[in-house]
Amino acid sequence: MSTDSSRSRRWFLGLGAAWSAAVVACRSRVAGPDPSLLGAAVSPYGSRSRFEKAVRHVNQNTKVPLQEASSRTPLHDTYGIITPSSLHFERHHGGVPEIDPATHTLTIHGLVERPLVFTMADLKALPSVSRIHFLECSGNSGGEWRGGSGETDVQRIHGLTSCSEWTGVPVSTLLRECGAHADAAWVLAEGADACKLDRSIPMAKMLDDAMVVYGQNGEPLRPEQGYPLRLLLPGFEGNANVKWLRRLKVMNQPAMSREETSKYTDLMPDGTARQFTFDLEAKSIITRPSAGDTLRGAGQYQVTGIAWTGRGSVARVEVTTDGGATWIEAELQTPVLRRAHTRFHWPWTWDGREALLASRCTDDTGYTQPPLNDLIKIRGTNSQYHNNGIQTWKVAANGTITNGNRA
Amino acid sequence: MAIGRRRLASIAFAGIVAFGAVQLRAQSPSFGVGRAPKPEELQAIDIDIAPDGRGLPPGGSTAAAGKDVYTRRCETCHGPTGKEGPQDVLAGGQGSLATSRPQKTIGSYWPYATTLWDYIRRAMPFDHPGTLTTGEIYGATAYLLFLNGIVGERDVVDETTLPRVAMPNRNGFVPDPRPDIGRPAPAKSEPAQRKPK
């Protein structure tokens with residue numbers, strides 16, 4: 001089967017095409033359900049229409065066990081800023097554990113006055129907050145470091161980012177409850193999964209906007225997102241947002257775990273590696289039209305995509321159709337939230353000639369998303385993580401769109 | 001009042017800072033939820049090993065003795081000499097980090113030997129983590145350090161010697177210098193004449 005079945009390519013909004021469709025609709029009999037038949041009954045848990053096929057992309061062509069793999073959000077076929085929980089990207093290091101929330105606990109210890117064990121009921125008794133934040137794997141878009149991968153679409157290239165409403169308790173509340181030593185600089189977070197994944201988090205982040213979350217988009221967390229409890233560090237690389245959270249240990253020094261030394265570090269051309277590179281920098285991607293789409297001829301199109309920054313809020317998104325020679329400001333769709341995906345739109349009149357379509361994001365710190373080649377000049381091609389370079393889509397005169405990073 | 005506005009503000013700021021520190025350290029619990037962990041509960045999950053060796057249990061082994069556990073429990077995924085895969089390459093690669101084809105292995109990349117012990121106990125073997133004995137973990141650690149030319153075949157690796165093992169890339173890591181690009185914002189946009197109404 002072609003992978004096209006998992007993805008709608010006929011999204012085009014060319015006015016000519018819409019007009020043709022309207023003409024066809026008038027001529028033929030009215031489509032729709034048979035009015036003489038009853039529809040389906042109410043149901044206890046809803047699911048989407050059987051006509052909708054978008055799914056997470058799982059790369060099966062890998063030597064890595066699928067318990068240690070990733071699945072990618074179909075960015076092309078999601079709308080607005082919230083990623084459906086079923087389509088949130090995954091990255092696991094020891095599979096998805098099945099945890100009974102009745103027995104799960106979070107222990108906080110180390111440099112604290114009062115080590116404490118919290119049950120899920122304890123945590124839900126504390127004042128909660130709900131916030132919309134993106135999560136992005138720092139390895140997202142990593143294939144593009146070598147001057148453009150052969151990846152075929154926006155999901156496969158950039159699908160390790162998603163955005164949800166998260167509900168839980170500020171970590172600062174828990175640290176106060178335990179009497180954490182204010183001069184302790186780090187907090188180790190550890191999961192209850194098979195590999196007991198652990199990362200050291202700066203205390204400043206824990207006291208700023210870190211949360212332990214049990215809710216995602218109005219429901220309990222999905223198992224693959226850490227059910228029943230995960231750490232959420234808005235704007236920090238995904239791996240640090242430890243899932244299936246069982247322990248926080250307040251410390252003076254980082255633990256130097258395997259994940260924060262041998263894995264999630266960024267190798268530079270001189271052989272040194274950057275460590276504790278937590279922030280995800282400003283980034284944007286045009287999701288429609290994008291590689292794999294075919295434009296139905298010259299005419300009017302809506303260009304849309306998402307932008308985000310781990311350092312604050314999106315201030316501006318600009319779009320180019322000439323590979324960056326000129327930039328035009330796109331419209332930001334409200335709400336524009338701190339450390340959340342932000343939707344942008346731009347109306348494009350395509351003249352039917354070859355185009356290099358791209359977006360760039362500027363955040364409220366004044367930072368502007370750089371061209372990929374400028375990043376490579378500084379970081380080389382082996383840093384693996386934190387690629388926030390501009391993604392270019394190449395539109396051919398016949399309307400086909402491919403990965404333009406490969407110029 | 002004799003205190004100027006600026007002075008007042010700085011007093012207030014100092015007060016907030018001091019109050020914040022005191023509050024975290026000494027304030028009694030606000031909500032009274034949670035309970036104290038039992039010592040055995042804490043012992044079961046307090047498994048992280050610090051770079052100075054804190055947390056390492058008594059025990060030890062050598063590469064010669066550890067070859068057996070490596071062969072039985074590690075080789076299928078990591079190859080006879082740690083270089084063959086199919087999963088992570090664990091040995092070799094020293095001197096490759098600044099080349100166009102860097103190999104990040106225990107010997108070429110990992111800054112602390114204690115991390116190796118921690119990770120084997122924490123997560124290995126991949127499909128049966130937590131099934132190695134303390135002696136086997138010391139043995140596998142010693143053998144992997146030996147495969148990387150970092151310890152001798154008969155060197156005893158134990159809770160005292162392991163933190164003192166000098167890893168070749170110990171000083172290879174630097175703090176995050178970003179933003180290293182992207183600021184200040186480049187040339188201004190064209191007017192948004194094609195913006196929708």
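What percentage of the 197 residues of chain B count as buried? In this predicted model, the share is 32%, where a residue is buried if 20 or more other C-beta atoms lie within 10 Å of its own, exposed if 12 or fewer, and partly exposed in between, with C-beta atoms placed from the backbone. Because the model is predicted, local features need pLDDT of at least 70 and side-chain atom pairs count only at pLDDT 80 or more, whereas totals for chains, interfaces and linings use all residues. Residues are numbered from 1 along each chain as its sequence is written, and chains are lettered from A and ligands numbered from 1 in the order in which they are written.

Chain B has six helices and three strands, these being DSSP runs numbered from the N terminus (helices: H or I, at least four residues; strands: E, at least two). Their order from the N terminus is α-α-β-α-α-α-α-β-β. Two residues are in contact if their C-beta atoms, placed from the backbone, lie within 7 Å. Among contacts in chain B between residues at least 6 apart in sequence, 61% join residues at least 24 apart.

Helix 5 of chain B (residues 113–123) is mostly covered, with eleven of its eleven residues buried. Among them are B:Leu116, B:Trp117, B:Tyr119 and B:Ile120, together with B:Asp118, B:Arg121 and B:Arg122. The cover over these buried residues includes helix 6 (258–263) of chain A and helix 6 (134–147) of chain B.

The contact between the chains takes 57 residues from chain B and 66 residues from chain A. On the side of chain B that touches chain A, two or more residues come from each of helix 1 (5–26), helix 2 (39–45), helix 5 and strand 3 (173–175). Helix 1 gives the most, six residues. The classes on this side are tabulated below; Ala, Val, Leu, Ile, Met, Phe, Trp, Tyr, Cys and Pro count as nonpolar, Asp, Glu, Lys and Arg as charged, and the others, Gly among them, as polar.

| Class, side of chain B that touches chain A | Count |
|---|---|
| Nonpolar | 35 residues |
| Polar | nine residues |

Chain A is assigned domain 1 (105–153 + 163–265) and domain 2 (283–406), with bounds from an automatic or database domain assignment. Their centres, taken over C-alpha atoms, are 30 Å apart.
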